[in-house]
Amino acid sequence: CNERHFNKIIHSNTDESLGDCQYQNMCFNMNFCKYIHYEKDEKDEVTFKMPSREKSYPPQWIQCDLRYFDFKILGKFSIVMADPPWDIHMDLPYGTMPDDVMKKLDVSSLQDDGYIFLWVTGRAMELGRECLTLWGYEKVDELIWVKTNQLQKVIRTGRTGHWLNHSKEHCLVGVKGNLTVNKGIDCDVIVSEIRDTSRKPDEIYGIIERFSPGTRKIELFGRLHNVRPNWLTIGNQLPSVMLIDSKMKEAFYNTYPNGIC
């Protein structure tokens with residue numbers, strides 16, 4: 001059989017009549033949750049691999065506070081992706097950024113011709129569109145990530161949402177200038193399993209690479225799990241600085257001699 005297999009996890013407090021937990025292995029209270037959870041069958045010999053892709057240069061990253069960082073030293077990029085820490089008025093395991101500070105970020109200096117992929121929450125939907133306009137972009141499309149659990153079932157009891165449970169997230173697509181890209185290759189819906197808090201699906205990188213192959217790409221507000229070949233990742237949760245590009249490296253250390261920014 002080529003399918004993935006699971007066994008039920010039944011604790012003394014589990015009430016099987018309630019059915020499956022929507023969050024499965026990402027449940028915050030798995031040992032006390034009354035719903036049914038599952039674990040992968042150890043006899044499952046099927047190996048699942050992410051599709052490989054050709055590397056042009058190793059991952060690069062910069063630990064920095066984006067509020068004060070000089071974006072101009074990085075040069076121009078064809079693709080910008082950002083997953084901002086929007087203030088969604090809820091308790092979160094990370095710091096958030098006020099709306100007025102987000103609007104003032106110098107994102108516009110990163111591109112003359114290119115596209116931006118901006119992840120937004122429900123409350124930040126209109127704010128995200130406003131930021132695109134302020135940064136010099138025209139919104140042209142959007143992607144939707146439909147969240148699933150480890151059983152590949154859609155999560156229906158979202159942890160966010162004031163009126164309805166949110167089981168999806170949106171990624172706004174904006175354009176500036178005139179960059180030639182491959183249009184109409186991919187779908188605007190990603191159906192993918194949730195992982196760490198706020199971590200986005202890896203499928204987005206494949207979509208972007210097919211959309212604009214072989215171009216300079218940067219991710220804002222990235223973490224260590226975001227770094228990957230062909231991308232520069234910047235954010236305050238990264239480990240120090242790793243730069244390969246000689247021109248960018250020289251410009252960075254001319255501006256920040258101690259590597260601290």
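How many salt bridges are counted between domain 1 and domain 2? The count between the two domains is one salt bridge, a salt bridge being a side-chain nitrogen of Lys or Arg within 4 Å of a carboxyl oxygen of Asp or Glu. Asp20 forms a salt bridge with Lys153, and their closest N and O atoms are 3.2 Å apart.

The model is predicted, so local features need pLDDT of at least 70 and side-chain atom pairs count only at pLDDT 80 or more, while totals for chains, interfaces and linings use all residues. Residues are numbered from 1 along each chain as its sequence is written, and side-chain values use heavy atoms, with hydrogens and water left out.

**Domains**

The protein is divided into domain 1 (6-40) and domain 2 (60-255); these bounds come from an automatic or database domain assignment. The C-alpha centres of domain 1 and domain 2 lie 33 Å apart. Eleven residues of domain 1 are in contact with 15 residues of domain 2, where contact means heavy atoms within 4.5 Å. Between them, domain 1 and domain 2 bury about 1200 Å², with 53% of it on carbon and sulfur atoms. On the domain 1 side, Gln22, Tyr23 and Met26 lose the most area to domain 2, together 55% of what that side buries. Buried area here is the accessible area (1.4 Å probe) that two parts lose on being put together, summed over both.

**The sheet**

Helices (H or I, at least four residues) and strands (E, at least two) are DSSP runs, numbered from the N terminus. Two strands pair if DSSP finds at least two bridges between them. Nine strands form an open sheet with mixed pairing, in the order S8-S6-S7-S5-S4-S9-S10-S3-S11. Its edge strands are S8 (189-193) and S11 (241-242), each of which pairs on one side only.

| Strands | Sense and bridges | Facing residues |
|---|---|---|
| S9 (residues 217-220) and S10 | parallel, four bridges | Glu219 and Thr233 |

Strand S10 (residues 231-235) is mostly covered, as five of its five residues are buried. Buried means under 20% relative accessible area, exposed over 50%, and partly exposed in between (1.4 Å probe, protein chains only). Trp231, Thr233 and Gly235 point one way from S10, Leu232 and Ile234 point the other way, and all are buried.

**Helix H2**

In helix H2 (residues 125-134), the buried residues are Met125, Leu127, Gly128, Cys131 and Leu132. Seen down the axis of H2, these buried residues fall within an arc of 160°, so they line one face of the helix; the arc is that of the directions from the helix axis to the C-beta atoms. Glu126, Thr133 and Leu134 are exposed on the other side of H2. The cover over the buried residues of H2 includes helix H1 (99-103) and the strands S5 (114-120), S6 (138-148) and S7 (168-176). Gly136 follows H2 and has a positive phi, near 95°.

**Charged pairs**

Side chains of opposite charge can pair when their charged atoms come close. By the salt-bridge rule the count comes to 17.

Glu169 forms a salt bridge with Lys200, the closest N and O atoms being 3.4 Å apart. Because Glu169 lies in strand S7 and Lys200 in the loop between S8 and helix H3 (203-211), the pair ties together parts that are 31 residues apart in sequence. Both Glu169 and Lys200 are buried. Asp83, Lys147, Glu169 and Lys200 are linked in a network of salt bridges.

Arg195 and Asp202 also meet through their side chains in a salt bridge (3.1 Å, N to O). Arg195 is partly exposed, with a relative accessible area of 25%, whereas Asp202 is buried at 19%.

In domain 1 (6-40), Glu16 forms a salt bridge with Lys8, with 3.4 Å between the closest N and O atoms. Glu16 counts as partly exposed at 45% relative accessibility, and Lys8 is partly exposed with a relative accessible area of 45%.
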